[in-house]
Amino acid sequence: MNKCMRKESLTNELYLQLIKQTTNHPDPNSRSNLKYWSLLSLACSFVLPSIKSIRKYLISHLKRYACMYGTEEGKFARFAEKCFFKTQGTRRRQWPPSREEILCTINRRPCCAKIFFMDGQFYSVEFQPCSTALEVMEIIKKKIGLHDNSTGYAIYEVIGGTERSLLFEEKITDVLSKWENYRGAAHQAAVTTSSTVSNKIVQQHYLLFKKHLFLDNYINLDDPVEKELLYHQVLHSLRSERFPITEMEAIMLTALQGQLELGDYCDKMIDYEHIGSHCLPTRFVPNLPHNAVAIHHQSLRGMPSSEAKKLFLNLVKSWPLHRATIFDVMQSFTSNWPRMLWLAVDQIGIHLLEHRSRNILCTHDYSTIISYSPNLNSLMVFTGTERKQSKIVLSTSQSFQIATLIKEYSEIAKSRIKQAAQ
């Protein structure tokens, strides 16, 4: 399959041979014939013939045998035909099928993957081998009860400490197959070097569903499911220090979190450090003033959890860049700024801030961004006008993720300008 994926002539020859082997087989229920049908079904869900006449020949072959109800040949033909039409017109596969995908396909059942959420929970989602990230995302929305018109979400591929949003046309099975190849390579390296470190790192792979684009009309807090998703995403941003907070804000957030988790304040000893660890960066928790948190918690007596959650989110909104996606970057193009910075990307543009601070050093809206070029460990952004330009060079391992986010936001900004002009 790997060779067929890379050479179209081999793909065409494979299909012709499989059609030949599965036509008028002397023993239709034999193990060898069913293996041919299994391979044909797998091929239809993976890569299709490049020649139109072969594709027509293949469809004719599948339709002929699909009419044989009650036979294994008929079941495989109907499954292969279904795979063919689902694969047709989709993005070309980048990786050969994984073992799990092969087992699912030859058993005529959908693939399955765990999709995690920001609160640590997960759902097992079934999908076709050719399903795109957009299609799987729609399945997730229905499963968790999110409104159909909810937009701005994405499925992320998380590997260790880095994450990448999947393109809508990207196939989930490609991601799973890539992980299997990485694990195999890491295991081989571990055997060779007698070390399990690389293997442990590679095993930290999972798919994450969360908000990707934070635009005003993309957020609906009246939807309780979306509100819950955003709340847990905000908690994660706070814990991972992607949100600058003062000591007073830390006290207020911990008290609100306490009201959410425990309800009204009571006289018994409350472990506010434990509660604070759910909504604050690790460095804030040991120095949390217990008495100040307790006093604020008492003032919230009688407040329902829904109202406490609303106040929690409103407090977060006090920072103008609360909807921005924050990245750690390093700069060396000016000595006037610290070397370590934050890069914030939101619906307005890009912002450079002092690290873990609200102090904005500069802002460039999307109309002033001329071009941007991501590399493996750096990002170059040209801003200004055609006559006068300035260059920003940032060192980061997430340059491609930043560039994707800038592209998506800038395209939305351009479309809005066109709509306003019309």
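## Residues 109-179

In this predicted model, the end C-alpha atoms of residues 109-179 lie 21 Å apart, and the span is 28% helix and 32% strand. Helices (H or I, at least four residues) and strands (E, at least two) are DSSP runs, numbered from the N terminus. UniProt, in an unreviewed entry, places the feature "domain: Ras-associating" at residues 109-179; such annotations may be inferred rather than shown by experiment, and their positions follow the numbering used here, with feature names shortened.

Residues are numbered from 1 along each chain as its sequence is written, and side-chain values use heavy atoms, with hydrogens and water left out. Local features need pLDDT of at least 70 and side-chain atom pairs count only at pLDDT 80 or more, whereas totals for chains, interfaces and linings use all residues.

Helix H3 (residues 31-44) packs against helix H5 (residues 72-87) at an angle of about 15°, with the axes 8 Å apart. Axes are lines fitted to C-alpha atoms, for helices over the stretch in contact, and angles run from 0 to 180 degrees between N-to-C directions. H3 is therefore roughly parallel to H5 (angles under 35 degrees count as roughly parallel, over 145 as roughly antiparallel, 65 to 115 as roughly perpendicular and the rest as oblique). The crossing of H3 over H5 is left-handed, a term for a near helix turned anticlockwise from the far one by less than a right angle, right-handed being clockwise.

Contact (heavy atoms within 4.5 Å) involves Asn33, Leu34 and Trp37 among the H3 residues, and Phe76, Phe79 and Phe84 among those of H5. The residues of the contact of H3 with H5 comprise nine nonpolar, four polar and two charged. Ala, Val, Leu, Ile, Met, Phe, Trp, Tyr, Cys and Pro count as nonpolar, Asp, Glu, Lys and Arg as charged, and the others, Gly among them, as polar.

An automatic or database assignment supplies the domain bounds: domain 1 (1-89), domain 2 (111-193 + 200-211), domain 3 (244-318) and domain 4 (325-421). The C-alpha centres of domain 3 and domain 4 are separated by 34 Å; five residues from domain 3 and four residues from domain 4 form their contact.

The axes of helix H11 (residues 247-262) and helix H13 (residues 290-298) cross at roughly 55° and come within 8 Å, which makes H11 oblique to H13. H11 passes H13 in a right-handed crossing. Their contact divides into five nonpolar, five polar and no charged residues.
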